[in-house]
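Trainee: I have a model open and would like to learn how to read it. Could you walk me through a few features?

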Amino acid sequence: MIEPDYAPGIPFRVTDYANTYKKRFQDNATTMQPATGPVPEIRAQVFPQGINKEIFDEAIQELKTLVDGDVVLVNEELDDGWYLHRPLTHDAFPLGAQDEFVNSAICSPGSVEQVQAVVRWANKWLIPIYPISMGRNLGYGGAAARLPGSVIVDLGKRMKKVLELDEKSAFCLLEPGVSYYMLFDEIKKSGKDLWVDVPDLGGGSVIGNALDRGVGYTPYGDHFGMHCGMEIILPNGELIRTGMGAMPDANTSHGSANTWQLFQYGFGPYPDGLFSQSNYGIVTKMGFWLMPNPKGHQTFQITFEKEDDLYEIVETIRPLRIRNIIPNVPHLRHIMQEASVYGDRKSFWDGDGPIPHDMIDEIVVPKMWMGNFRWILYLCVYGPEVIRKAHIDVIREEFYKIPGAKLTFPDDTPANSYLRSRVNIYAGVPDLRELDWVMWLPNGSHTAFSPISPTTGEDAVKQYEMTKRIHRKYGFDYFPTFCVGWREMHHIVMVIYDRKSEDSKRRATAMMKELISEGAKLGMGEYRTHIAFQDQVMKTYSYNDGALLKFHDQIKDTLDPNGIMAPGRNGIWGSRWRGTGLERT
Ligand code: EUG
């Protein structure tokens with residue numbers, strides 16, 4: 001049985017399913033933490049830079065009085081845990097030393113007032129804090145602060161209410177600890193006819209994912225784009241609401257003219273974007289538009305035979321997607337990424353290094369149920385049958401111009417097919433299936449190279465070739481997925497490494513750096529990155545002598561003169577920390 005404290009945000013009803021993953025993560029680890037034996041020695045506590053133990057201890061005593069005593073010090077052996085056991089102590093998928101990105105303490109406030117008190121405390125003691133919603137930003141640093149020794153402000157533990165769920169206008173208002181699973185279950189319980197747009201894993205925070213500008217796969221797949229209204233605590237402790245939420249409370253949250261979740265912009269400048277992927281405030285409430293149940297959905301896949309089909313596939317996707325004939329965020333994967341959800345590396349091959357692409361026919365294809373293919377496109381259409389059928393007919397006709405294209409429906413696939421789990425994701429049902437590929441290698445860990453690409457064949461091929469070449473150079477299998485937005489693609493390249501192997505981590509780190517710099521030379525920018533690479537990626541957005549970062553730093557200094565809020569997050573340090581040797585470029 002998974003205790004709620006152990007796997008917050010994961011309902012009991014999925015305990016057995018979740019436990020199958022827990023077991024696989026344990027089996028995939030080559031060295032387990034000792035179950036019994038001597039109590040591990042207390043490890044040296046990492047303090048925030050410039051803070052000594054005496055000051056820290058005194059500050060922590062005070063912090064406890066502000067959050068009902070809910071403060072935990074990070075001074076024991078680090079445990080990487082597994083996906084649902086969110087480790088809040090450090091980055092559980094370390095690319096360097098396990099304690100390179102280690103926090104000093106975790107506090108869990110239970111109310112907006114307590115979060116404000118924590119922010120004022122940080123200013124008084126000049127101790128950096130790092131807010132997380134649930135800390136499941138896996139692959140991008142998880143719950144680890146960018147600045148080691150920061151105190152984590154864990155909003156997800158105690159602030160997890162669905163505050164509003166409105167069927168008529170199809171929206172919700174949430175606290176940071178509401179996971180996709182929780183929102184889904186709450187909607188079911190209410191009987192309201194609404195859908196959630198879920199990302200690949202259902203355990204994350206809806207607010208956290210949207211603030212990091214994560215992606216989902218229904219027509220509401222742009223999570224930040226679908227938000228409406230925020231409540232934010234600024235670095236000086238002041239509370240603001242954006243959009244229509246700035247009208248006095250009686251007219252927004254509870255009054256008859258509650259428009260906070262109906263109109264994004266309000267009046268005057270629109271600040272919401274400044275609080276995504278930033279360190280300018282702590283979001284304590286956020287509204288989201290929800291998709292009304294479309295009364296019917298049909299997921300399907302189309303496979304393509306040749307590696308070289310990539311160009312034509314993407315050229316075919318673009319016009320269909322822009323005109324909403326493909327209504328959702330479809331997902332184009334290479335056969336290697338597909339292979340990784342059907343088995344680990346050694347179940348395919350025991351050779352050294354990555355599986356050579358000229359041996360895919362021999363090594364990979366025979367183990368897949370779809371027969372020969374190199375690319376697989378996942379799609380979904382929505383609405384009553386007449387509408388779905390019309391969409392599918394047009395989509396089929398266009399893609400069938402590519403010789404060898406083959407459309408398959410979920411009912412015609414084996415029980416364990418990945419397509420069947422996509423039916424869940426495309427219909428807003430949270431799942432965990434996407435954890436499969438993390439176990440490709442022993443002690444499987446992942447980060448991602450995530451550049452934005454135009455939805456054109458030429459650019460897709462350019463990215464594919466560059467990324468493939470650099471993977472080869474560093475000895476990794478290449479796992480490409482293109483998630484198609486309206487006018488661009490998020491090219492999500494899963495980098496899977498062995499976190500217990502120094503060699504594997506060193507190669508993964510060097511490869512990421514080269515991918516980022518080579519990509520930038522070709523005009524490709526990442527939409528999101530691991531804390532280890534945030535300085536480097538921010539520096540690639542360098543137009544006009546880095547004018548954008550100067551602007552970010554200016555805002556940072558104005559809002560957060562003491563530099564207490566998540567210093568260094570996404571490359572924004574501000575005056576207190578900039579130039580003190582913390583940047584990694
Ligand atoms: C995915 C993973 C990501 C991301 C977007 C999507 C999952 C795709 C690890 O990062 O940024 C299958």
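Trainee: What do the buried residues of helix 13 pack against?

Mentor: They pack against strand 16, helix 12 (457–474), strand 19 and helix 14 (534–540). Helices (H or I, at least four residues) and strands (E, at least two) are DSSP runs, numbered from the N terminus. Before we go on: this is a predicted model, where local features need pLDDT of at least 70, side-chain atom pairs count only at pLDDT 80 or more, and totals for chains, interfaces and linings use all residues. Residues are numbered from 1 along each chain as its sequence is written, and side-chain values use heavy atoms, with hydrogens and water left out.

Trainee: Which residues of helix 13 are buried?

Mentor: General idea first: an α-helix has 3.6 residues a turn, so residues three or four places apart point the same way. Buried means under 20% relative accessible area (1.4 Å probe, protein chains only). In helix 13, the buried set includes Ser 504, Lys 505, Ala 508, Met 511, Met 512, Leu 515 and Gly 519.

Trainee: Now the ligand. Which residues come nearest?

Mentor: A residue is near a molecule if one of its heavy atoms lies within 4 Å of it. Of the 13 residues around the ligand, Tyr 140, Asp 200, Arg 333, Glu 434 and Tyr 527 come nearest. The protein covers 92% of the 340 Å² of accessible area that the ligand has on its own (Shrake-Rupley method, 1.4 Å probe).

Trainee: Which strands supply at least two residues each of that shell?

Mentor: Strand 13 (331–334), strand 16 (444–449) and strand 19 (488–498) do. Strands 16 and 19 also turned up in the packing of helix 13.

Trainee: Last one: is Val 119 buried or exposed?

Mentor: Val 119, in helix 3 (residues 112–125), is buried, with a relative accessible area of 0%. Contact means heavy atoms within 4.5 Å. Leaving aside neighbours within four places in sequence, Val 119 is in contact with several residues, among them Ile 129, Leu 234, Gly 237 and Ile 564. The C-alpha atoms of Val 119 and Gly 237 are separated by 5.6 Å, though these residues are 118 apart along the chain.

Conventions
Buried means under 20% relative accessible area, exposed over 50%, partly exposed in between (1.4 Å probe, protein chains only).
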